[in-house]
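Dear colleague,

I am handing over the structure below, and after it you will find some notes on what turned up in it. Please read them with the model open beside you.

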Amino acid sequence: MSDQIVEPPGSHEPNEHAKTPKKAAASGWIGSALEYYDFFIYAQAASLVFPLIFFPSTNPQVAIVAAFATFGVGYVARPIGAFVLGHWGDTHGRKTVLVLCMLMMGGSTFLVALLPTYAVAGIWAPILLVLLRLIQGFAVGGEISGASAMILEHSPFGRRWYFASFSLQGVQAGQIIAAAVFLPLSAVMSPESFQSWGWRIPFLLSALVVVAGYIIRRRVDETPAFQEEAEHGEVPAAPIVQAVRENGVDMLRVVCMALMNAIPTAVTVFGATFATNAGYGVGLTTTNYLWISVMGNVVAVILIPFVGNLTDIVGRRPVIIIGCLGSGLLAYPYLYFVAAGNLTMAFLFAILMWGIVYQGYNAVFPAFYQELFPTKTRVTAFAVSQNIGTLITAFLPAIYAALVGPTPNTCVVAKKFSPDTLLPSGQSCRAAADAIESDVVWTVCSITFGLAIVAAIAAFSARETFRIHLNDLGNKDARPVPKEEYDRIRKAGASTKV
């Protein structure tokens, strides 16, 4: 079956250029998987290795805060990258910006593998690490907005988010690969070898990303919507100015909804350190916790296209609101079981929260955000506002570690060996450790759930977009296609699948 789709004239869809949804979706999936593999192997290393080799300290809390701060630095650069790369995507096309993102991400990640440790280079080691993390953040700032715009603008009306969901599925796959690469290394290698050189292997593999990503993304055609804008001379000179002027309120909504990044932050970043760092005394192994991340993402990869298809039927808002509130609430039992060292229940609740319920938000946001903005400012408005929201959540792991981090004394560690040892206060080590773990659960989960409520309110206040034609998106006065007509159009396009 041919991949090309030409919309009928008068449909409020670009009709001068053929759409190639299958090719765009495949490119978005592979490209996002490769790029987010790069981005998330840093998150894994920041949780498992970097506190020990780049930020040595006699105070475990200081080392963890410093490592998480460098993780957050990548998010500081994301709004800047979103501004620059979003501008490029709206003025020069979606295709060119995606190739540029891939090259910068792959190159900077590969260089992390070559960095000297603190023991070798002193203060220059963390400085260089931060610099490369800034480049990573700059590059990823334009990835999701560019990739999902590429797919959405190639997709037939009524099937937009079925196809657009494949870019997010690629993101989840990238996280699976990132965790899966660390799994055999942490299982087979001794802790000393893993900390010495084993952690560098996943970063060295990024060289393949540069080559593969360039080849894949160069083969995708520019979107019909952008080509139509360019041919009619409607490409804006300053997309960000026009976006703020015409869609500033929607940009604020996206900032608030993007606070849902607190969920993966709590699970894959802070959760990994809480579960495995000796200072907290939970006692889960690195290998065990990596399996939680892997399996949660495997479930997400399977589920995302189904959620995307559902939102093409019932709409974006109800699904995203349920995803926000449900996953935020499930953070409490998940982290409770992590604190208790109950691997089985932590595993099950991670899959329920992260792999299933959170996908009500995660599988929907790229299409929903895109559809709030017109073609001429779509990449810029999405990229800038979404990355400002994620920036706000980026330092949550460092904040958590500062608020409820392991204490300099070894009381929490001693819980495993001499739990009845009394402190000068008369409190036993067991009671002190339990109190710290309880504080972690209530502090982290309450902040997470609070941000989920903010995101749900923002989604509730937004207009529904799934029955609005592509050329009418971003227009507050656009009228949705009547349900009967929409169902007919959608049914006609249902034969086009990836």
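Setting aside neighbours within four places in sequence, Gln136 is in contact (heavy atoms within 4.5 Å) with Asp38, Phe39, Tyr42, Met105, Ser108 and Thr109. This is a predicted model, in which local features need pLDDT of at least 70 and side-chain atom pairs count only at pLDDT 80 or more, while totals for chains, interfaces and linings use all residues. Residues are numbered from 1 along each chain as its sequence is written, and side-chain values use heavy atoms, with hydrogens and water left out.

Gln136 belongs to helix α6, residues 124–140 (a helix is a DSSP run of H or I, at least four residues, numbered from the N terminus). Gln136 counts as buried because its relative accessibility is 0%, where buried means under 20% relative accessible area with a 1.4 Å probe, protein chains only.

The structure also holds eleven aromatic pairs (ring centres of Phe, Tyr or the six-membered ring of Trp within 6.5 Å, with planes under 30 degrees apart counting as stacked). The rings of Phe337 and Phe349 have centres 5.5 Å apart and planes at 25°, so this pair is stacked. Phe337 lies in helix α16 (residues 317–339) and Phe349 in helix α17 (residues 343–357), so the pair ties together parts that are twelve residues apart in sequence. Both Phe337 and Phe349 are buried.

Trp354 and Tyr358 are likewise buried, and ring pairs link Trp354, Tyr358, Tyr361, Phe365, Tyr369 and Phe382 into a cluster.

Terms used. Helices (H or I, at least four residues) and strands (E, at least two) are DSSP runs, numbered from the N terminus. Buried means under 20% relative accessible area, exposed over 50%, partly exposed in between (1.4 Å probe, protein chains only). Rings of Phe, Tyr and Trp (its six-membered ring) pair if their centres lie within 6.5 Å; planes under 30 degrees apart count as stacked, over 60 as edge-to-face and the rest as tilted.
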